[in-house]
Amino acid sequence: SDGVTEIKEYAFNELSALKTVALGNSVTRIENKAFYFCSKLASFTGGDSLQNFYASALRGTAFIRNEDNWEDDFLYLGHCLILDRNRWNL
């Protein structure tokens, strides 16, 4: 069945109560600032079909601040590289 294919810009911007996001397999795109400063967002899973991810989508979240989510200087969501710490000022 068809599902959500993209998360639009500012869709959950500054939603302070949001703590967990589990993407469906249909999501292929997460736009700029989609989860921008959702400060309590600590768990972000899924993304096997993710193809496009804007680096600022998760800026200001607990997920980015948690060093356990990083592999060296890289942050992945599923098979998709979403951030390179050397390229972005975090």
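Guide: Let's go from the overall layout to the sheets and then to some single residues.

Visitor: What should I know before I start?

Guide: This is a predicted model, in which local features need pLDDT of at least 70 and side-chain atom pairs count only at pLDDT 80 or more, while totals for chains, interfaces and linings use all residues. Residues are numbered from 1 along each chain as its sequence is written, and side-chain values use heavy atoms, with hydrogens and water left out.

Visitor: How many helices and strands are there in the protein?

Guide: Helices (H or I, at least four residues) and strands (E, at least two) are DSSP runs, numbered from the N terminus. Here you get one helix and eight strands. Reading from the N terminus, the order is β-β-β-β-β-α-β-β-β.

Visitor: How does the radius of gyration compare with that of a compact globule?

Guide: The radius is taken over C-alpha atoms, and the globule rule is 2.2 Å times the number of residues to the power 0.38. For 90 residues a compact globule would come out near 12 Å, and the protein has 12 Å, so the two agree. Its C-alpha trace spans about 35 × 25 × 20 Å along the principal axes.

Visitor: What share of the residues is buried?

Guide: "Buried" means under 20% relative accessible area, "exposed" means over 50%, and "partly exposed" is in between (1.4 Å probe, protein chains only). Buried residues make up 34% of the 90 in this protein.

Visitor: Now the sheets. How do strands pair in general?

Guide: Strands of a sheet pair through backbone hydrogen bonds, either parallel or antiparallel. The rule used here is that two strands pair if DSSP finds at least two bridges between them.

Visitor: Which strands make up the parallel sheet, and in what order?

Guide: It's an open sheet of three strands in the order 1-3-5. Strand 1 (6-7) and strand 5 (52-53) are the edges, each pairing on one side only. Strand 1 runs parallel to strand 3 (residues 29-30), and two bridges join them. To spot this pairing, look for Glu6, which stands opposite Arg29 in strand 3.

Visitor: And which strands form the antiparallel sheet?

Guide: That one is also open, with three strands in the order 6-7-8. Its edge strands are strand 6 (70-71) and strand 8 (80-84), and each pairs on one side only. Strand 6 pairs with strand 7 (residues 74-77) over two bridges, whereas strand 7 and strand 8 pair over four bridges. Phe74 is a handy landmark: Glu71 stands opposite Phe74, and Phe74 stands opposite Asp84 in strand 8. Strands 7 and 8 form a hairpin with two residues between them, and Gly78 in the turn has a positive phi of about 65 degrees.

Visitor: Is Glu31 buried or exposed?

Guide: Glu31 is buried, since its relative accessible area is 15%. You'll find Glu31 in the loop between strand 3 and strand 4 (43-45). Leaving aside neighbours within four places in sequence, Glu31 is in contact with Glu6, Ile7, Lys8, Glu9, Tyr54 and Ala57. Glu31 and Lys8 are 23 residues apart in sequence, but 5.3 Å apart in space, C-alpha to C-alpha.

Visitor: Where is Thr61 found, and what is Thr61 in contact with?

Guide: Thr61 is in the loop between strand 5 and helix 1 (62-65). Thr61 counts as buried because its relative accessibility is 0%. Beyond its neighbours within four places in sequence, Thr61 is in contact with Phe35, Cys38, Ser39 and Leu41.

How values were computed:
Contact means heavy atoms within 4.5 Å.
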